[in-house]
Amino acid sequence: LDQKLREVQSYIRSGGETTSRTVRFEVATGETAHTYTDEARLLEEGPLPVRSARGGCKQNLAVADDSKSWKAYYQPEDGYPDLSAWVDLEAGTRPNIAANSGRMINRELVKNDQIARFFGPGETIGNVTIKDTNPGGFWWWLGEAPVNAKQWREQGAVLDEWNRDGFVVIGHMTQDAGPKVVTGTIAEQLSSKLPGQYLPGGAQQAFLDLSSNAKGELQRLAYGVDGKGGVVASGKPARWVDPESGIAFEIRPTGWKDANGVHGFDETSIPGTVQTKKLQPREQTTKIEETSP
């Protein structure tokens with residue numbers, strides 16, 4: 001049933017195509033995926049995301065000193081980012097692999113691919129300091145950008161302790177072939193610094209290592225020079241095409257008022273860290289039904 005529901009979701013998101021093994025055409029292993037439906041078909045060839053007890057996409061097992069625990073999901077390749085390289089010695093894991101659920105794919109971004117990354121100025125909440133977010137970081141939402149904060153936080157599993165939002169950088173591939181990335185299904189996340197937040201994940205993401213020039217230019221466009229002149233300060237959108245990667249970037253405010261301290265929090269949250277918003281009657285009914293025994 002869980003697999004069938006995910007096929008229905010893929011059918012809706014793809015505009016009518018299905019990833020069901022019983023009706024799909026085969027995509028050869030290693031073949032470049034040119035559509036998000038093809039991407040889903042390729043992901044289906046390997047270990048599928050597994051639902052956790054909480055209902056989200058369970059993190060890949062990624063024991064640092066046991067390659068067998070993660071090679072079923074991911075195989076590093078020359079020329080692509082190596083997500084196995086970062087080892088958290090204290091936790092004994094490889095966090096970049098654990099950030100995905102199920103199979104991870106090495107591929108190039110191709111024409112008409114879209115990526116998005118949300119960022120914003122940091123903030124101090126109690127004794128927790130959240131740093132300014134880098135607009136040119138490694139992790140990107142893959143596909144059409146989220147339409148609201150709920151979709152971004154929950155499906156993207158972006159904890160409040162990582163990112164305070166406010167702005168988005170959207171990239172469109174303009175060339176037939178672009179940067180080499182690692183893609184996968186976003187795994188669930190549970191907060192540690194701001195207790196009480198759980199986000200299920202489930203969207204597609206890409207690990208992209210832009211050139212130092214591209215990272216610097218996106219940072220300048222976003223935050224300006226010495227905090228002056230950027231999109232964050234002015235609120236005015238900015239555009240730039242990276243000649244090296246062929247990605248056309250647009251940076252603009254999200255305009256979301258419910259991005260921080262709202263989604264995924266429960267009644268154990270620390271007072272003062274969570275925003276509140278008025279619920280419409282339909283939303284109230286839904287929440288009552290979801291929390292009923």
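Predicted model: local features only at pLDDT ≥ 70, side-chain atom pairs only at ≥ 80, totals over all residues.
Local features need pLDDT of at least 70 and side-chain atom pairs count only at pLDDT 80 or more, while totals for chains, interfaces and linings use all residues. Residues are numbered from 1 along each chain as its sequence is written, and side-chain values use heavy atoms, with hydrogens and water left out. Helices (H or I, at least four residues) and strands (E, at least two) are DSSP runs, numbered from the N terminus.

**Helix 5**

- Helix 5 comprises 12 residues, 212-223, and its end C-alpha atoms are 16 Å apart.
- That agrees with the 16 Å that the helix should span at 1.5 Å a residue, the expected span being 1.5 Å times one less than the number of residues.
- Ala214, Glu217, Leu218, Leu221, Ala222 and Tyr223 are the buried residues of helix 5; buried means under 20% relative accessible area, exposed over 50%, and partly exposed in between (1.4 Å probe, protein chains only).
- The cover over these buried residues includes strand 2 (114-119), strand 5 (139-142), strand 6, helix 6 (231-234), strand 11 (238-241) and strand 12 (247-253).

**Nonpolar cores**

- A nonpolar core is a set of buried Ala, Val, Leu, Ile, Met, Phe, Trp, Tyr and Cys residues joined through side-chain atoms within 4.5 Å.
- The largest such core has 23 residues, and those with the most contacts inside it are Trp140, Leu210, Leu218, Ile247, Phe249 and Ile251.
- Two or more residues of this core come from each of strand 2, strand 5, strand 6, helix 5, strand 11 and strand 12.
- Helix 5 gives the largest share of this core, 5 residues.
- Another core, of 16 residues, lies apart from it and has Ala116, Trp152, Ala157 and Ile186 among its members.
- Beyond residues up to four places away in sequence, Ile247 touches Leu109, Ile115, Gly171, His172, Met173, Pro179, Leu208, Leu210, Trp240, Val241 and Asp242 (contact means heavy atoms within 4.5 Å).

**Salt bridges**

- The model has 9 salt bridges, each a side-chain nitrogen of Lys or Arg within 4 Å of a carboxyl oxygen of Asp or Glu.
- Arg164 and Glu123 form one of them, at 3.1 Å from N to O.
- This pair links distant parts of the chain, 41 residues apart, with Arg164 in the loop between helix 4 and strand 6 and Glu123 in strand 3 (residues 123-125).
- Arg164 is buried at 6% relative accessibility, whereas Glu123 is partly exposed at 36%.
- Arg153 and Asp160 form another salt bridge, their closest N and O atoms being 3.4 Å apart, and both residues are buried.
- Glu123, Arg153, Asp160 and Arg164 are linked in a network of salt bridges.
- Arg239 is exposed at 62% relative accessibility, and Glu250 is partly exposed at 22%.

**Trp162**

- Trp162 lies in the loop between helix 4 (149-156) and strand 6 (167-173).
- With a relative accessible area of 44%, Trp162 counts as partly exposed.
- Apart from neighbours within four places in sequence, Trp162 contacts Ile130, Thr133, Ala157 and Gln189.
- The C-alpha atoms of Trp162 and Thr133 are 7.9 Å apart, although 29 residues separate the two along the chain.
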